[in-house]
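Reader: I am new to this structure and would be grateful for a close look at one part of it. Please set that part in the context of the whole chain.

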Amino acid sequence: DGAVVDCSSAASIGSQCEVTEISADHNCSEVQVACGLGGQYIVSGQCSLQCDTADVPTFAGGIADCGGNTFEGDFCTISAYSGYSCDDVDVMCVANDTFL
């Protein structure tokens with residue numbers, strides 16, 4: 001899910017298929033598809049769904065900056081307001097394209 005795979009130029013063993021994300025909401029840089037023995041294609045990796053920065057949770061005493069950390073497993077930068085500590089606060093992009 002999340003990519004279109006073109007194997008038209010990957011007919012020999014070990015040759016790589018072209019993997020293209022279906023939208024900017026997907027990161028498929030970890031996906032590889034190669035022609036294997038017996039004419040079977042071998043797939044490794046998977047696409048990650050990008051989190052929507054409009055869905056960043058709010059909390060008292062600070063703010064989460066998730067602008068550059070929007071793919072599954074990425075953590076946001078937490079900044080505490082004056083007089084507050086946010087040492088125990090983590091905001092991360094999770095699998096269902098939302099922040100937690």
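Among contacts in the protein chain between residues at least 6 apart in sequence, what percentage join residues at least 24 apart? With that as background, I would ask you to look closely at S48: where is S48 found, and which residues does S48 touch, leaving aside those up to four places away in sequence?

Author: The model is a predicted one. Of the contacts between residues at least 6 apart in sequence, 28% join residues at least 24 apart in the protein chain.

The protein chain has eight strands and zero helices, and from the N terminus on its elements run β-β-β-β-β-β-β-β. The radius of gyration of the protein chain is 19 Å, whereas the globule rule gives 13 Å for 100 residues, so the chain is more spread out than a compact globule. Along the principal axes, the C-alpha trace spans about 65 × 20 × 15 Å.

Buried residues account for 27% of the 100 residues in the chain.

S48 itself lies in strand β6, which covers residues 48–49. The relative accessibility of S48 is 17%, and because buried means under 20%, S48 counts as buried. Apart from residues up to four places away in sequence, S48 touches D25, H26 and N27, and also F71 and E72.

Terms used: Residues are numbered from 1 along each chain as its sequence is written. This is a predicted model: local features need pLDDT of at least 70, side-chain atom pairs count only at pLDDT 80 or more; totals for chains, interfaces and linings use all residues. Side-chain values use heavy atoms; hydrogens and water are left out. Helices (H or I, at least four residues) and strands (E, at least two) are DSSP runs, numbered from the N terminus. The radius of gyration is taken over C-alpha atoms; the globule rule is 2.2 Å times the number of residues to the power 0.38. Buried means under 20% relative accessible area, exposed over 50%, partly exposed in between (1.4 Å probe, protein chains only). Contact means heavy atoms within 4.5 Å.
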